[in-house]
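Here are my notes on this model, as numbered points. Please read them with the structure open.

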Amino acid sequence: MRETGLSSPMGVLRDDMARLGTELSDFQWRKFSSSCHEVSVDQRDLVFEGEAKRDALLFITKGIGASQFILPDGQVVISRFFEAGDLCAVVQFTHMGELTENAIVAVTPVEGVMIPLEILKFEQFEGEIIGKYARQKMYHQHLSEIDIMHVKTANRTEASYEFLKERHPSVLEAAPQTIIAQFCGITPEGFSRFLRSYPGRRAR
């Protein structure tokens, strides 16, 4: 991961805040943005490394990221995708009684703004300006995660594929089939067989 300085992604973040009704004065913006920095992540690299795994969130302005974790049997699972406008982070959780965490992988080259987690944590509960934006983003992403949970519990490849077709068509265009198979919960070979029988699939 390499830092790119303060250029267009910061402007995209400010525009997204304004779109959701959070208009910052120049002074407020300078104070907030001085704690953030832009990053660029190469395809297949990890988005978060080192201290950033615990201390930051990424606002994606370009590209596609994926939340990935590895089951005890070695199976790689993609739980969701992130695109421009999404916030993503490393999350710790308990699986089969063991504490583990996901990794955010760049499915395509990714650009965005790294935001210190402590700022959003404080603002989400206490802030009246940036906090409003943080609460809206968390709410919308929570709704998206509920939809994903419903798709995953259906345990049907077609349901997962239809979800991507409706919500993340760019993933179907840009992501390797192995990544899509990991989201659908089947092997790459099984996914290839599914595609051959799926009537509405898009030629790649």
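1. Helix 8 is mostly covered, with six of its eight residues buried (buried means under 20% relative accessible area, exposed over 50%, partly exposed in between, with a 1.4 Å probe and protein chains only). Those buried residues are Ile179, Ile180, Ala181, Gln182, Phe183 and Cys184. Helices (H or I, at least four residues) and strands (E, at least two) are DSSP runs, numbered from the N terminus.

2. A word on the basis. This is a predicted model, in which local features need pLDDT of at least 70 and side-chain atom pairs count only at pLDDT 80 or more, while totals for chains, interfaces and linings use all residues. Residues are numbered from 1 along each chain as its sequence is written, and side-chain values use heavy atoms, leaving out hydrogens and water.

3. What do the buried residues of helix 8 pack against? Their partners are strand 4 (65-70), strand 5, helix 5, helix 6, helix 7 and helix 9. Contact here means heavy atoms within 4.5 Å. After helix 8 comes Gly185, with a positive phi near 80°.

4. Helix 8 and helix 9 pack at about 95°, their axes 9 Å apart. Axes are lines fitted to C-alpha atoms, for helices over the stretch in contact, and angles run from 0 to 180 degrees between N-to-C directions. The two helices are therefore roughly perpendicular (65 to 115 degrees; under 35 is roughly parallel, over 145 roughly antiparallel, the rest oblique). Helix 8 brings Gln177, Thr178, Ile180, Ala181 and Cys184 to the contact, and helix 9 brings Pro188, Phe191, Ser192 and Leu195. By class, that contact of helix 8 with helix 9 has six nonpolar, three polar and no charged residues (nonpolar: Ala, Val, Leu, Ile, Met, Phe, Trp, Tyr, Cys and Pro; charged: Asp, Glu, Lys and Arg; polar: the others, Gly among them).

5. Now the core. The largest nonpolar core has 23 residues, and Phe81, Val107, Tyr161, Leu164, Ile180, Phe183 and Phe191 touch the most other members. Such a core is a set of buried Ala, Val, Leu, Ile, Met, Phe, Trp, Tyr and Cys residues joined through side-chain atoms within 4.5 Å. Helix 8 gives the most to this core, five residues.

6. Look at Phe191 next. Not counting residues up to four places away in sequence, Phe191 touches Tyr161, Gln177, Ile180, Ala181, Cys184 and Ile186.

7. Helix 1 (residues 8-19) and helix 5 (residues 130-154) pack at about 85°, with axes 10 Å apart. Leu13, Asp16, Met17 and Arg19 in helix 1 meet Ile130, Tyr133 and Lys137 in helix 5. By class, this contact has four nonpolar, no polar and three charged residues.
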